[in-house]
Amino acid sequence: MSIQQGSAGGLPVLILKEGATQTKGRDAQKNNIAAAKLISDVVKTSLGPRGMDKMLVDGLGDVTITNDGATILKEIDVQHPAAKMMVEISKATDNEVGDGTTSVVVLAGSLIEKAEELIAKDVHPTIIVDGYRKSATKAIEILNHIAQKVDPKDKSQLIKVAQTSMQTKLVSKESHDLAETVVTASLQVSEEAGSGYKVDIDDVKVEKKAGGSIRDTKLIKGIVLDKEVVHGGMPKRIEKAKIALVNSALEIEKTEFDAKINISSPDQMKMFLEEENKMLKSMVDKIISAGANVVICQKGIDDIAQHYLAKSNILAVRRVKESDMSKLARATEGRITSNLDDLTSKDLGAADLVEERKVETDKWVFVEGCKHPKSVTILIRGGSQRVVDEAERSIHDALMVTKDVLEKPAIVAGGGSAESYTAGKLREWSNSLSGREQLAAEKFADSLESIALVLAENAGMDPIDTLTDLRSKQTKASKWSGIDARNAKITDMMKLDIVEPLSVKEQVIKSATEVASMILRIDDVIASSKTAGGPPGGGGMGGMPPGMGEM
Ligand SMILES: Nc1ncnc2c1ncn2[C@@H]1O[C@H](COP(=O)(O)OP(=O)(O)OP(=O)(O)O)[C@@H](O)[C@H]1O
Ligand SMILES: [Mg+2]
């Protein structure tokens with residue numbers, strides 16, 4: 001079947017390929033809105049400390065249990081284009097600020113839902129989008145106004161922020177200790193930049209191993225390598241380590257082209273081998289004369305070189321990842337050498353201890369006790385693989401929020417308080433807008449309140465009662481009145497130490513407004529026919545809602 005896309009003098013004009021489908025106007029809008037709302041409904045129940053976790057099973061039967069918005073959406077294979085946009089915005093928020101990936105979807109879903117109400121009242125989407133954009137700018141202005149400045153080196157404030165981000169996760173019980181670990185790690189690797197600080201969270205290496213309990217999670221002032229010492233005869237423990245970091249092979253290089261060596265007598269054979277032997281020994285000698293007692297090599301180490309190293313009581317590790325090599329350099333203050341001829345004692349890194357230890361069934365090398373490590377490791381332990389996986393995601397969130405505050409030292413209180421206060425102020429401000437934009441601004445304010453509402457719902461509180469109570473406490477008690485989800489009541493969230501980076505709140509508002517605007521402005525969906533696979537919209541929760549695939 002081909003579709004008629006227009007007519008000129010009674011003749012149909014075809015501009016789309018055979019099999020392509022097109023949804024127009026209201027239908028297209030309705031579809032997109034429905035899809036976006038669906039996505040928001042999926043993650044809604046996992047918002048906040050009383051939010052539920054999701055169990056996700058992928059095509060291979062692998063199970064993931066998580067509460068992380070971005071992870072949930074990544075794992076479900078969404079097909080609908082508008083739904084995909086929601087997933088992408090969650091991912092983008094994750095990359096940008098690391099937390100708030102559930103909130104952004106909830107807020108976007110609410111913005112879209114409220115817009116639908118206005119569209120039904122014949123408010124044009126363009127007006128809604130304009131109203132939303134102005135409201136977002138105003139909301140961010142209000143948030144900046146109420147945010148509290150913090151001293152970025154005030155550890156206790158940073159711990160509160162990190163802890164809040166972990167309160168909502170599986171690891172909430174251990175959140176205080178973990179937050180402390182995360183903050184110490186972040187401060188350790190932070191660097192002054194201009195008037196503030198800069199943190200590259202890649203400088204915090206996160207290793208995980210199932211076994212033990214979350215409480216055994218540790219910060220190592222150095223780097224943990226999931227490699228063993230290369231030779232049985234080498235020492236397994238070196239104190240006051242002097243570490244040569246080498247990124248060339250301790251092997252005889254193979255020639256680029258095939259060469260043939262004719263050997264006609266055993267003597268010649270012996271000479272040949274001895275020559276090789278000598279070359280390897282001279283490599284090891286260079287390491288010894290530089291004064292190293294540990295060698296960490298990015299490439300291979302020949303058996304004979306291993307033998308010589310072992311004889312000199314040098315501990316060696318081979319085939320270490322390039323990224324780990326640079327982390328080691330930052331941790332031990334050593335320099336990576338590519339040519340052993342240049343190796344001097346100045347290039348060596350230092351660590352109090354290098355030791356091979358058993359971690360469950362594996363043997364790992366710990367390079368620890370570095371003086372001023374600019375790269376450190378958090379070694380996560382926990383009851384099972386799924387626990388350590390979720391702990392890793394939570395620690396990622398915590399590292400990111402700590403970085404956020406270190407780089408932009410301002411915080412607001414959570415539990416929906418900052419959003420609800422902003423909503424109140426937005427309503428006052430909206431009076432200055434024209435009639436229809438004002439409607440949009442009011443809807444925007446309602447959407448901001450939806451964060452508190454969803455937190456309350458997830459905590460089993462009555463949404464209507466809570467909302468009225470919250471509004472009155474906001475004006476009469478404290479602007480930080482919010483949902484104390486653990487005790488199912490309304491409290492001053494600042495006093496409860498539930499605090500979040502201003503930059504997360506800003507990002508959530510920006511991203512949610514962006515995706516809602518994009519979705520609302522679409523009035524035409526043209527889908528070309530799939531060349532392979534099933535029909536468009538086939539199967540899955542992400543499948544296109546009815547109406548997308550047919551005309
Ligand atoms: N103890 C608490 N009581 C009430 N609300 C809390 C508490 N701890 C955190 N919150 C709130 O929970 C919300 C965050 O929930 P959650 O961490 O599940 O989602 P997210 O941060 O949006 O996304 P994600 O963490 O999945 O990236 C924030 O609004 C935060 O203020
Ligand atoms: Mg969070």
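**Briefing on the ligand site and selected backbone features**

Of the 26 residues around ligand 1, those that come nearest are Thr101, Ser103, Lys169, Gly415 and Glu500, where a residue is near if one of its heavy atoms lies within 4 Å of the molecule. This is a predicted model, in which local features need pLDDT of at least 70 and side-chain atom pairs count only at pLDDT 80 or more, while totals for chains, interfaces and linings use all residues. Residues are numbered from 1 along each chain as its sequence is written, chains are lettered from A and ligands numbered from 1 in the order in which they are written, and side-chain values use heavy atoms, with hydrogens and water left out.

**Polar contacts of the ligand** (pairs of N or O atoms within 3.5 Å)

- An oxygen atom of ligand 1 lies 2.5 Å from an N or O atom in the side chain of Ser103.
- An oxygen atom of ligand 1 is 2.8 Å from a side-chain N or O atom of Asp99, and an oxygen atom of the ligand is 2.8 Å from a polar backbone atom of Gly69.
- Of the 630 Å² of accessible area that ligand 1 has on its own, the protein covers 99%, as computed by the Shrake-Rupley method with a 1.4 Å probe.

**Shell around the ligand**

- Two elements give two or more residues to the shell around ligand 1, namely helix H4 (101-120) and helix H6 (155-167), helices being DSSP runs (H or I) of at least four residues and strands (E) of at least two.
- H4 supplies the largest share of this shell, with 3 residues.
- By class, the shell holds 7 nonpolar, 13 polar and 6 charged residues, with Asp, Glu, Lys and Arg counted as charged and Gly among the polar ones.

**An open sheet**

- Three strands form an open sheet in the order E6-E19-E22 with antiparallel pairing, two strands being paired if DSSP finds at least two bridges between them.
- The edge strands, each pairing on one side only, are E6 (148-149) and E22 (499-501).
- Strand E19 (residues 410-413) is joined to E22 by 3 bridges, and the two run antiparallel; the bridge partner of Ile411 in E22 is Pro501.

**Loop residues with positive phi**

- Asn313, a residue other than glycine, has a positive phi near 60°, and is found in the loop between helix H9 (303-311) and strand E14 (315-317).
- Arg319, also not a glycine, has a positive phi near 50°, and its place is in the loop between E14 and helix H10 (322-332).

Key. Polar contact = N/O pair within 3.5 Å; in protein donor to acceptor, adjacent residues only side chain to side chain.
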